[in-house]
Structures are given as C-alpha cells and as structure tokens.
Amino acid sequence: MSLDQTNVIDAIGVDDATGELVLTITDHLEWTGSDKEHLLLLQEKLNTYLGFVESGEMLETYPDAKGRAVLIDVVCKYVPSQHAQGFYNKVAQIVEGAGIKLQHRLFRAG
C-alpha cells in the first residue's frame, strides 16, 4: 500500500508495548518543494483513516481494537519539508481533538 492509494488502510496492528491500535500510513513520496499534491494525498489518506475509526468499520474489521487507544503513524521515506511539518502540527491538533493520536516519523531500516 502507499500514500497514493488514498482509500486503503496500509497497515493495522497492536503495539505490544503500549497496547495501542496502530494504523500505519506509508508515505513513499519525496518532498519536492511544490508539496501541494503530496499534502492533498496525505489529507485524503488521513480522512480515510479517520472515517475508518469514527464509522465503526475499524471494530468490524479488527475486533481486537475494542477499548484500545488509536494511533495513526505516518511513516515517511523522506524528511518532511518545513511546509509539511506545519501541516502535521495543525492536523495533529485536529486528530487529537477526535481522541486519536497522530505521529509522523522517518522510516529506519533495520
């Protein structure tokens, strides 16, 4: 799965250390300086994830999610641009207002 498949949940699982249900977005796209398209894809993907949680589809698909905190984990292949960092900061506040945590990080092999 990838960021450009905006209507698909890339990965879902439980973090053994925290017990959180982790929904992972894989962002393989490079930040080019003209980030409008990249940010629109990311926004669409996040909206899909929020709909998945808020509609109850998450519990139907993954019953082990019941009673667990939810974390959306955006795993990036490339360092986000300054514009993207601002986007993440704004979106994190909105998502956390819905009771869902959001983080973004760089992928580290190994």
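Lys 45 forms a salt bridge with Asp 10, with 2.7 Å between the closest N and O atoms, and in this predicted model the pair ties together distant parts of the chain, since Lys 45 sits in helix α1 while Asp 10 belongs to the segment before β1, 35 residues apart. Both Lys 45 and Asp 10 are buried.

**Salt bridges**

- The structure holds four salt bridges, and one of them brings the side chains of Lys 101 and Glu 20 together at 2.5 Å, N to O.
- This pair, too, links distant parts of the chain, with Lys 101 in strand β4 and Glu 20 in the loop between β1 and β2, 81 residues apart.
- Lys 101 counts as partly exposed at 41% relative accessibility, whereas Glu 20, at 9%, counts as buried.
- Arg 68 forms a salt bridge with Asp 64, the closest N and O atoms being 3.4 Å apart; Arg 68 is partly exposed at 29% relative accessibility, and Asp 64 is partly exposed at 43%.

**Sheet and helices**

- Four strands form an open sheet of mixed pairing, in the order β1-β2-β3-β4, and the twist from one strand to the next averages 25°.
- The edges are taken by β1 (11–14) and β4, each of which has a single partner strand, so one side of each is left without a neighbour in the sheet.
- β1 and β2 run antiparallel and are joined by four bridges; in β2, Leu 21 is the bridge partner of Val 14.
- Helix α1 lies across β1, β2, β3 and β4, running at about 160° to β2, while α3 lies across β2, β3 and β4 and runs at about 155° to β4.

**Nonpolar core**

- The largest nonpolar core has 27 residues, and those with the most contacts inside it are Leu 23, Leu 46, Ile 72, Val 74 and Leu 102.
- At least two residues of this core come from each of β2 (21–27), α1 (36–54), β3 (70–76), α3 (82–97) and β4 (100–106), with α1 giving the largest share, eight residues.
- Leaving aside residues up to four places away in sequence, Leu 23 touches a set of residues including Ile 9, Ile 12, Tyr 49, Phe 52, Val 70 and Ile 72.

**Aromatic pair**

- A search of the whole structure finds one aromatic pair: the ring centres of Phe 87 and Tyr 88 are 6.1 Å apart and their planes stand at 65°, so the pair is edge-to-face.
- Phe 87 is buried, with a relative accessible area of 15%, and Tyr 88 is buried, with a relative accessible area of 2%.

Technical notes:
Residues numbered from 1 in each chain as written. Predicted model: local features only at pLDDT ≥ 70, side-chain atom pairs only at ≥ 80, totals over all residues. Heavy atoms only, no water. Phe/Tyr/Trp six-rings, centres within 6.5 Å; stacked < 30°, edge-to-face > 60°. Buried < 20%, exposed > 50% of the residue type's maximum accessible area, 1.4 Å probe, protein only. Core = buried A, V, L, I, M, F, W, Y, C linked by side-chain atoms within 4.5 Å. Contact = heavy atoms within 4.5 Å. Pairing = 2+ DSSP bridges. Axes fitted to C-alpha atoms, helices over the stretch in contact; angles between N-to-C directions.
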